[in-house]
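Hello,

Here is the structure we talked about handing over. Please open it beside this email and follow along.

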Amino acid sequence: MVGLILWTAPQKGRKRVDVREQAFLHMRFLGAEISRSPHTAVMRRRVLAAGKKLRKRGVVQVVLPEDFAYGEQLEKCGLRPVSTLALRRALAADWVQTGLAEQGLPVAGSRVAIAAAGLTGEVVRTVTELALRHRYVLLDLTYGGEELCRQLRREYGVSLVLGPSREQLEEAEALILFDARQDLSCRNPVALRLYDEKFPLPLLTLPPVLEERLPEGVHRGQMLAALREAGALQAGQISISAGRISDT
């Protein structure tokens, strides 16, 4: 079960740390409601106590509150934040499209470059989506890619530039990195570092009927990632809007 930490206002007679199961969009979480205090030392003790309770119940990953500053206490308990990497990669094609539009660049006519260490399923899906939306798609891999190029040409009549030069990657209007690249400046108008949890996510929205059923004050990317991983949300239900929210 995934854990969930929520801040609560101090209230007389209420537990400082209250752990109980909660459900959002039919997904069960083990929630830890922690009463807030103006004293940092007190908050550290409460977060540590909550972390121990969650870990004792088998929790290993947690959706955190926004601007959470007590990661060290959770690490001591063997807890880690819910990863947003799969969510980022699933939304990469839409993210590029929104980014290009925000920059005032032509979506279909812009050059989009993808760089990855290998041809994973996530890379194949992203490349395919981009090739159907953009006229110029460049694919830089450590190895392979020829069969994918043939398949896309055969099935959709689209062509990729396989093995572009560093200059071509730098000059593309959009650059998507699945893995770190020290040789690239990433100064492209749109540059997405899909391997970096600290890279700011775009503004993610849900249909209003789903939006109103989410808890307030939680890290949005982690919450949506957990719901998507559990099948409570489909990728098509998550939309990208103009603007950004911070992941840090």
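**The parallel sheet**

Strands E6 and E9 run parallel and are joined by four bridges. Across that pairing, Ala-115 faces Leu-177 in E9. Before you go further, note that this is a predicted model.

E6 and E7 are parallel, with six bridges between them. Here Ala-115 stands opposite Asp-140 in E7. So that you can find them: E6 covers residues 111–116, and E7 covers 136–141.

Now step back to the whole sheet. In what order do the five strands of the open sheet come? The order is E8-E7-E6-E9-E10, and the pairing is parallel. Strand E8 (161–162) and strand E10 (190–193) are the edges, each pairing on one side only. E10 is held to strand E9 (residues 174–177) by four bridges, again in parallel. Look there for Leu-175, which stands opposite Ala-191 in E10.

How much of E6 is buried? Five of its six residues are, and the strand is mostly covered.

**Helices across the sheet**

Helix H5 (residues 121–133) lies across E6, E7 and E9. H5 runs at about 170 degrees to E6. Together, E6, H5 and E7 form a β-α-β unit, and the unit is right-handed.

Helix H4 (residues 92–102) lies across E6, E9 and E10. The angle between H4 and E10 is about 150 degrees.

**Aromatic rings**

The structure has five aromatic pairs. One of them joins Trp-7 and Tyr-70: the ring centres are 6.1 Å apart and the planes meet at 85 degrees, so this pair is edge-to-face. Why does this pair tie together parts that are apart in sequence? Trp-7 lies in strand E1 (residues 2–8), while Tyr-70 lies in the loop between strand E4 (61–63) and helix H2 (71–76), so the parts are 63 residues apart in sequence.

Tyr-70 has a second ring partner, Phe-68. Their centres lie 5.7 Å apart with planes at 75 degrees, so this pair is edge-to-face as well.

Is Tyr-70 buried or exposed? Its relative accessible area is 12%, which is under the 20% cut-off, so Tyr-70 is buried. Phe-68 is buried too.

**Cysteines**

How many disulfides does the structure hold? It holds zero. Cys-77 has a relative accessible area of 11%, so it counts as buried. Cys-149 is at 14%, so it is buried as well.

Most residues other than glycine have a negative phi. His-26 sits in the loop between strand E2 (17–24) and strand E3 (27–35). Its relative accessibility is 76%, so His-26 counts as exposed.

Asp-67 also has a positive phi, of about 50 degrees, and is not a glycine. You will find Asp-67 in the loop between E4 and H2. At 67% relative accessibility, over the 50% cut-off, Asp-67 is exposed.

Best wishes

Note on methods. Residues numbered from 1 in each chain as written. Predicted model: local features only at pLDDT ≥ 70, side-chain atom pairs only at ≥ 80, totals over all residues. Heavy atoms only, no water. Pairing = 2+ DSSP bridges. Helix = DSSP H or I, 4+ residues; strand = E, 2+ residues; numbered from the N terminus. Contact = heavy atoms within 4.5 Å. Axes fitted to C-alpha atoms, helices over the stretch in contact; angles between N-to-C directions. Disulfide = S-S within 2.5 Å. Buried < 20%, exposed > 50% of the residue type's maximum accessible area, 1.4 Å probe, protein only. Right-handed = clockwise from strand over helix to strand, strands pointing away. Phe/Tyr/Trp six-rings, centres within 6.5 Å; stacked < 30°, edge-to-face > 60°.
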